[in-house]
Amino acid sequence: MAYTLDFGTPVNTALLIYILYSVQKIVFPSTSIPKTVPSEFKHGYSWMPKEHPPTVLFKTYTPKTLEPFNGKNGGRILLAINSIVFDVTAGRNFYGPDGMYGNFAGRDASRGMAKQSFDMDMLTAVDQPLDKLQDLRPDEIENMKGWIEHFSNKYVICGKLVENDAA
């Protein structure tokens, strides 16, 4: 029984040529040296970032000491939920002075996050005691815990919020 090579259709011929070319590239890879060095590697390569991000220290904040971190003049943006202070500077578009939730910047946002309300009356004045959140319903408390989990996964926890006279 003899085998014959039949190139009956042009498609079979093209596929055979492609397969032979691919096998040749695998068996005999190119060993030529590139003529030019890619521009991004001319000065060497480093895994180091261009600049180190600012160091964030865990601190204790009061409503009065948290208030300046409202993102105005390009500064850091911090907000607190249930006494946990988050650095939300990376979310400047949301929490900055012109952001949708800018009223929470530099403040305790616990009640607003729990009630899904971004109104100014959800915020406690900075010279008043912290909101104890005792009148929240169980579903609102769960909602606040969901926000804490979301923020914990997205932003840096940089401190805790205590009463004005406790720091």
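Guide: The model is a predicted one. The side chain of Lys132 forms a salt bridge with that of Glu163, at 2.9 Å from N to O. Because Lys132 belongs to the loop between H4 and H5 while Glu163 sits in the segment after strand E4 (156-161), this contact ties together parts that are 31 residues apart in sequence.

A second salt bridge joins the side chains of Lys115 and Glu140, with an N to O distance of 3.1 Å. This pair, too, links distant parts of the chain, as Lys115 is in helix H4 (residues 110-115) and Glu140 in helix H5 (residues 138-154), 25 residues apart. The two partners can be described by their accessibility: Lys115 is partly exposed at 31%, whereas Glu140 is buried, its relative accessible area being 6%.

Helix H5 also holds both partners of another pair, Lys145 and Glu142, which are 3 residues apart, about one turn of the helix. Their side chains meet in a salt bridge at 3.8 Å, N to O, a distance that falls within the 4 Å cut-off. Lys145 is partly exposed, with a relative accessibility of 47%.

Through salt bridges with shared partners, Lys115, Arg137, Asp139 and Glu140 are joined into one network. By the rule applied here, the count of salt bridges comes to 8.

Conventions. Residues numbered from 1 in each chain as written. Predicted model: local features only at pLDDT ≥ 70, side-chain atom pairs only at ≥ 80, totals over all residues. Heavy atoms only, no water. Helix = DSSP H or I, 4+ residues; strand = E, 2+ residues; numbered from the N terminus. Buried < 20%, exposed > 50% of the residue type's maximum accessible area, 1.4 Å probe, protein only.
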